[in-house]
Amino acid sequence: MKKEKIVSRHPRVMNGSLVFAGTRVPVEILIQHLVAGDSLDKFLDDFPTVSREQAVAYLGMALEAVDARAA
């Protein structure tokens, strides 16, 4: 999945926060849900405008970024 289909950032959308593309849902909310112990399914139920494919792809992007910084 292409990055522009996963996330986007625009100054007029949620004050420029990184959001899931095509939504107003900040990606930070996904991380907060997972840290709180919620499942991915719970997040997706709470934010139905985010697709499972987007959420999983974003987590993969985040993991790659962490791996790149650790190297």
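## Charged pairs between and within helices

R52 counts as partly exposed, since its relative accessibility is 42%. The model is a predicted one, and in it the side chain of R52 meets that of D41 in a salt bridge, with an N to O distance of 2.0 Å. Because R52 belongs to helix α4 and D41 to helix α3, this pair ties together parts that are 11 residues apart in sequence. D41 is likewise assigned to the partly exposed class, at 42% relative accessibility.

Side chains of opposite charge can pair when their charged atoms come close. A search of the whole structure finds two salt bridges, and the one between D46 and K42 has its closest N and O atoms 3.0 Å apart. D46 and K42 are four residues apart in helix α3, which means that about one helical turn separates them. With a relative accessibility of 35%, D46 counts as partly exposed, and K42, whose relative accessible area is 38%, is partly exposed as well.

## Aromatic pairs around F20

Turning to the rings, the structure holds three aromatic pairs. One of them joins F20 and F43, whose ring centres are 6.1 Å apart and whose planes make an angle of 50°, an arrangement classed as tilted. This pair links distant parts of the chain, given that F20 sits in strand β2 (residues 19-20) and F43 in helix α3 (residues 40-46), 23 residues apart. F20 has a relative accessibility of 0% and therefore counts as buried, and F43 is buried too, its relative accessible area being 0%.

F20 also pairs with Y58: the ring centres are 5.9 Å apart and the planes stand at 80°, so this pair is edge-to-face, the angle being over the 60 degrees that this class requires. Because F20 lies in strand β2 and Y58 in helix α4 (residues 52-70), the contact ties together parts that are 38 residues apart in sequence. Y58 has a relative accessibility of 14% and counts as buried, because that value is under the 20% limit for the buried class.

## The aromatic cluster

Which residues form one aromatic cluster? The members are F20, F43, F47 and Y58. Within this group, F20 takes part in the tilted pair with F43 and in the edge-to-face pair with Y58.

How values were computed: Residues numbered from 1 in each chain as written. Predicted model: local features only at pLDDT ≥ 70, side-chain atom pairs only at ≥ 80, totals over all residues. Heavy atoms only, no water. Phe/Tyr/Trp six-rings, centres within 6.5 Å; stacked < 30°, edge-to-face > 60°. Helix = DSSP H or I, 4+ residues; strand = E, 2+ residues; numbered from the N terminus. Buried < 20%, exposed > 50% of the residue type's maximum accessible area, 1.4 Å probe, protein only. Salt bridge = Lys/Arg side-chain N within 4 Å of Asp/Glu carboxyl O.
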